[in-house]
Every structure is written in structure tokens, then in C-alpha cells.
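Here is a set of questions and answers on one protein model. Look at the structure first, then read on.

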Amino acid sequence: MSDYVKNLMAEVKAKNPSQPEFHQAVEEVAESLSLVMERHPEYRAAKVLERIIEPERVISFRVAWVDDQGEININRGYRIEMNSAIGPYKGGLMFHPSVNLSILKFLAFEQVFKNSLTTLPMGGGKGGSDFDPKGKSDLKIMRFCQSFMSELFRHIGPDTDVPAGDIGVGGREIGYLFGQYKKLRNEFTGVLTGKGLNWGGSLIRPEATGYGSVYFASEMLNTRRQTLEGKTCLVSGSGNVAQYTVEKINQLGGKVVTLSDSNGYIYDEEGINAEKLNFIMDLKNVRRGRIKEYIEKYKNAVYTPVDSKLDYNPLWKHKAQCAFPSATQNEINAKDAGNLLSSGVYVVSEGANMPTTTEGIKIFLDEKILYGPGKAANAGGVAVSGLEMSQNSMRLPWIRDEVDNRLRMIMKEIHNTCMQISDRFGTPGNYVNGANIGGFLKVADAMIDQGVV
Ligand code: NDP
């Protein structure tokens with residue numbers, strides 16, 4: 001670790017105590033950027049990274065709501081407006097009991113670089129609540145979303161801050177949030193993305209993160225003149241990102257053998273084909289059930305519940321060539337990374353945000369496998385959100401193929417940026433450096449142009 005990174009991290013930790021996820025995300029980026037700071041002392045002199053680390057605004061608010069039984073509930077809501085150097089704040093909302101300032105700040109920080117990589121004019125933000133939507137009735141969800149938006153509405157707007165969905169916030173929640181925003185503001189604008197198709201949404205938005213992560217894996221494989229055809233793939237999670245990752249892998253001739261939720265995972269040696277994926281989509285998106293129900297219908301599959309005594313996840317031990325972590329942060333630790341390599345995996349494309357720990361990343365980089373970090377590999381979701389904003393501004397929806405082609409081109413462009421930048425800074429094939437530096441340069445130059453604000 002260079003002196004630059006050491007000093008920076010000491011300051012970050014002192015100023016932001018008890019925020020381990022935020023420290024982890026900053027350290028990863030700072031390590032890559034030490035290569036830039038050596039060559040370009042002007043960024044160091046302008047304290048650009050030090051400024052990026054400090055959110056432009058952190059909003060924390062009370063969300064009080066009454067449930068179906070008349071009971072009063074109190075949750076905490078947040079919006080982190082991290083950086084607006086290249087466009088309005090943009091990033092998802094996450095409803096999950098684990099949500100806290102550390103997690104949202106790490107996600108908002110990552111989002112700044114990711115959005116910059118997409119080539120679209122979007123700044124970085126993130127928000128959410130410690131509300132747990134799991135198992136709640138539609139009425140409870142609606143009441144919570146309305147109360148959440150009753151405060152958030154005054155901080156967001158189509159040219160200020162445009163939230164989207166993320167963990168626990170899908171089409172249903174975006175609908176309730178948008179309805180309340182529209183009522184309070186008395187205007188119909190593109191203030192949220194991930195909207196329903198008949199009220200301003202974009203085709204391919206639900207698919208975009210999963211499809212994008214598979215397009216990114218295909219680009220990485222292409223550098224070795226290979227494709228996904230015939231490859232066995234491990235996918236974690238079973239939500240939005242995981243589902244469309246499976247769909248695209250199947251379309252490109254790969255075979256997915258695992259999916260999971262926070263209670264356990266399924267292994268289906270025969271592959272989760274289109275018909276089985278339909279079952280999962282109905283199970284997760286309509287019936288809101290658990291992944292273990294899969295084995296009641298597909299008897300050859302095996303279900304393994306989470307064993308908290310293990311210091312590794314057995315999902316990552318199955319024989320495969322590709323892995324698509326698509327559930328949550330830090331789901332691959334050093335032991336999992338080692339297990340993945342031993343099972344033959346040499347392509348990792350991160351659908352989730354920061355799913356691999358710092359130690360795990362080091363193992364992938366040392367082995368020089370094709371490792372696509374989330375900032376680059378899962379940028380397809382926010383990219384299509386950007387395209388949804390363009391369509392809203394023009395009041396003109398694009399057809400499915402147009403959006404899908406643009407998504408594919410953007411993922412190709414992100415891949416090229418990562419390759420070129422990692423070459424330029426003397427670490428060829430290192431997508432982590434490529435993504436961190438590539439995302440940073442555009443934001444840093446804009447911040448310098450705009451003065452110290
Ligand atoms: P969903 O809520 O649709 O699905 C999340 C999935 O991950 C569920 O299967 C959930 O299981 C599982 N999961 C969540 N937390 C844990 C945990 N602690 N341990 C094990 N499994 C867990 O979210 P998304 O699919 O939208 O998001 C998945 C990841 O992708 C997140 O990291 C998100 O930040 C990232 N991402 C999402 C984007 C998007 O467009 N949606 C864009 C870019 C990144 P359970 O149902 O049991 O909670």
C-alpha cells in the first residue's frame with residue numbers, strides 16, 4: 001500500500017468511523033488511483049479524490065407509517081447525493097433491514113465511477129431504508145412507499161436527483177413511489193427510473209443489469225477468442241439481476257446450475273432452462289416465495305440451506321467455468337475465491353455491487369482470471385436508466401431492439417475503456433484498475449473545470 005493510500009485511508013477511517021463497507025470501497029479505488037496520482041500530480045494537488053469521498057449531501061429522515069393492523073411503524077430513510085460533477089445524482093433505492101449509512105455510502109461512492117463509465121451524463125447517488133419488504137402485503141408496501149416519498153420528494157427531481165430500484169425495490173415499489181411524487185408535485189416527470197412501460201418506463205430496463213453483466217462476460221471471453229456457448233455458470237441470488245442473467249446466459253448457449261436466496265441455494269445439474277426460469281420468475285416476482293420451493297417441482301435438483309457455521313459458501317464449490325455473483329455485497333470471501341478457482345472458474349462477472357471482498361479480489365487478480373468488477377460489469381442497469389431519462393425528456397419511447405443494441409454497445413464501450421486504461425497504466429487485463437481509473441478521470445476533470453465547490 002502506498003503512502004498516499006495509507007494516509008488517505010487513515011483520514012477516511014477517522015472521519016467515518018464504523019463504516020467498514022465504505023472504507024472497503026474507498027480503499028479499492030484509492031489503490032488503483034495511486035497509479036494516476038503518480039503520473040498526474042495535478043489531481044492530487046486539487047484534492048479531487050478527497051472531495052469525491054465526501055458526499056455533497058447526506059439526507060436522513062424519519063419514515064413513520066401505519067400498517068393494516070393500525071400499528072405505527074418507524075423506519076429510517078436515506079438519500080446520499082454523492083457527486084453531481086457530470087450530471088444529476090443517479091442511483092438506486094434499497095429497502096433491506098441491513099441498510100445503514102456505511103452500506104449506502106459505499107454504494108453511492110461506487111455509483112459515481114460506474115455512472116461515469118457508462119458515457120452518459122449522470123452523477124452518483126444512492127438511497128433507501130432499513131424497511132424489510134419481505135412477506136409484507138401490497139397495502140403495507142404502498143403505505144411505506146408513500147410515507148418514504150413524502151419526505152424524499154423535496155430533495156429529488158428530473159434535473160437534480162433521479163432514483164431507481166435496487167435490492168427490495170422493484171416495479172411495484174417504483175410505482176407507489178412515483179404515484180406519491182406525482183401527487184405531491186403535481187407534475188408528471190421522469191423523476192424515477194424503472195417505471196412501468198405504460199407510464200414512462202423503458203423496454204429492457206428490468207433486464208438491463210443481468211443482460212449487461214452477461215454481455216460484459218462475453219466481451220471478456222472474446223479477448224481469449226471464446227464465447228459462453230457450452231460454459232457452465234454459477235449464479236447467486238434469484239432477484240432481478242440473477243433472473244435476467246440466467247435468461248441471457250441461456251440465450252447465448254451457456255448452462256446455469258445454481259441460484260440462491262438469503263436462506264439457501266439450489267443446484268440443478270441439468271441446467272435452469274427457460275421453462276424452469278419462468279417458474280422462478282413466478283415464484284419470486286408473483287408468489288414471492290423462497291428458492292427452496294424449486295426442488296418441490298424439479299426433483300433432481302438439490303437444495304442446501306445456509307449454514308452459518310461455515311466460513312465459505314458451498315455454492316461457489318461446484319464445477320463451472322463462469323460465475324455471476326448477483327445477490328449482495330461481500331458474498332465471495334477469500335476462501336470462496338479459492339474454491340471458485342479450484343472448481344475451474346476463470347470468468348467472474350459481478351452483477352451485484354462489491355460482491356467480492358478485498359482479499360477475494362486479490363486472489364482473482366493474482367491468478368489473472370477474467371474478473372469484471374461490479375462497477376463495470378453491472379453498469380448496464382444504470383445505463384438503461386439513463387436511456388429511460390433520455391426517452392422521458394424526448395417523450396418518445398424506443399423499441400426493444402434499439403434499447404438492447406444501445407445496452408450492448410455501452411457494455412462493449414465500458415469493456416474497451418477498462419482494457420485501454422489498464423494497458424495505459426501498466427496493468428494490462430486488470431479490469432479493476434481499468435474501471436476505477438476510467439470512471440475517475442472524467443469526473444475529476446469535470447470537478448477541476450467547475451472549481452472548488
Ligand atoms: P433483488 O432484491 O431483486 O434480489 C436480491 C437477491 O439477492 C435475492 O435473491 C435476495 O434473497 C438475495 N440476497 C439479498 N441479500 C442477501 C444476503 N445477505 N445473503 C444472500 N442472499 C441475499 O435485488 P437485485 O437483483 O436488484 O440486486 C442484486 C444485487 O445487484 C445487489 O447487490 C444490487 O445492489 C446490485 N445491482 C442491482 C441493480 C439493478 O438494476 N437492480 C443495478 C446494479 C447493481 P432474499 O429474497 O432472501 O432477500
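Q: How many residues surround the ligand, and which are the closest?
A: This is a predicted model. The ligand is surrounded by 24 residues. The closest are Asp 166, Thr 209, Ser 262, Arg 290 and Asn 353.

Q: Which polar side-chain atom lies 2.7 Å from an oxygen atom of the ligand?
A: Arg 205 places a polar side-chain atom 3.0 Å from a ligand oxygen. Gly 168 uses a polar backbone atom, with 3.0 Å to an oxygen of the ligand. The 2.7 Å distance to a ligand oxygen belongs to a polar side-chain atom of Thr 209.

Q: How far apart do the C-alpha centres of domain 1 and domain 2 lie?
A: The protein chain is divided in two here: domain 1 covers 3-188 and domain 2 covers 208-372. Their C-alpha centres lie apart by 26 Å.

Q: What area do domain 1 and domain 2 bury between them?
A: The size of an interface is often given as the accessible area lost when the parts come together. In this model, 13 residues of domain 1 contact 13 residues of domain 2. Carbon and sulfur atoms hold 46% of the buried area. The area buried between domain 1 and domain 2 is about 1000 Å².

Q: Which elements give two or more residues to the side of domain 1 that touches domain 2?
A: That side of domain 1 divides into five nonpolar, one polar and seven charged residues. Two or more residues come from each of helix 2 (20-39) and helix 5 (101-117).

Q: How many salt bridges does the rule find across the interface of domain 1 and domain 2?
A: Side chains of opposite charge can pair when their charged atoms come close. Three residue pairs are in polar contact between the domains. The count of salt bridges across this interface is zero.

Q: Where do Asp 3 and Lys 6, which form a salt bridge, both lie?
A: The rule gives a count of 24 salt bridges. In the one between Asp 3 and Lys 6, the closest N and O atoms are 3.9 Å apart. The two residues are three apart, about one turn of the helix. Both lie in helix 1 (residues 3-15).

Q: Where is the place of Arg 395, whose phi is positive?
A: Most residues other than glycine have a negative phi. Arg 395 has a phi near 55 degrees. Lys 47 also has a positive phi, near 50 degrees, and sits in the loop between helix 3 (41-45) and helix 4 (48-53). Arg 395 is in the loop between helix 15 (380-394) and helix 16 (400-424).

Conventions:
Residues are numbered from 1 along each chain as its sequence is written. This is a predicted model: local features need pLDDT of at least 70, side-chain atom pairs count only at pLDDT 80 or more; totals for chains, interfaces and linings use all residues. Side-chain values use heavy atoms; hydrogens and water are left out. Domain bounds come from an automatic or database domain assignment. Contact means heavy atoms within 4.5 Å. Buried area is the accessible area (1.4 Å probe) that two parts lose on being put together, summed over both. A salt bridge is a side-chain nitrogen of Lys or Arg within 4 Å of a carboxyl oxygen of Asp or Glu. A polar contact is a pair of N or O atoms within 3.5 Å; within protein, one must be able to donate a hydrogen and the other to accept it, and residues adjacent in sequence count only if both atoms are side-chain atoms. Helices (H or I, at least four residues) and strands (E, at least two) are DSSP runs, numbered from the N terminus. Ala, Val, Leu, Ile, Met, Phe, Trp, Tyr, Cys and Pro count as nonpolar, Asp, Glu, Lys and Arg as charged, and the others, Gly among them, as polar. A residue is near a molecule or strand if one of its heavy atoms lies within 4 Å of it.
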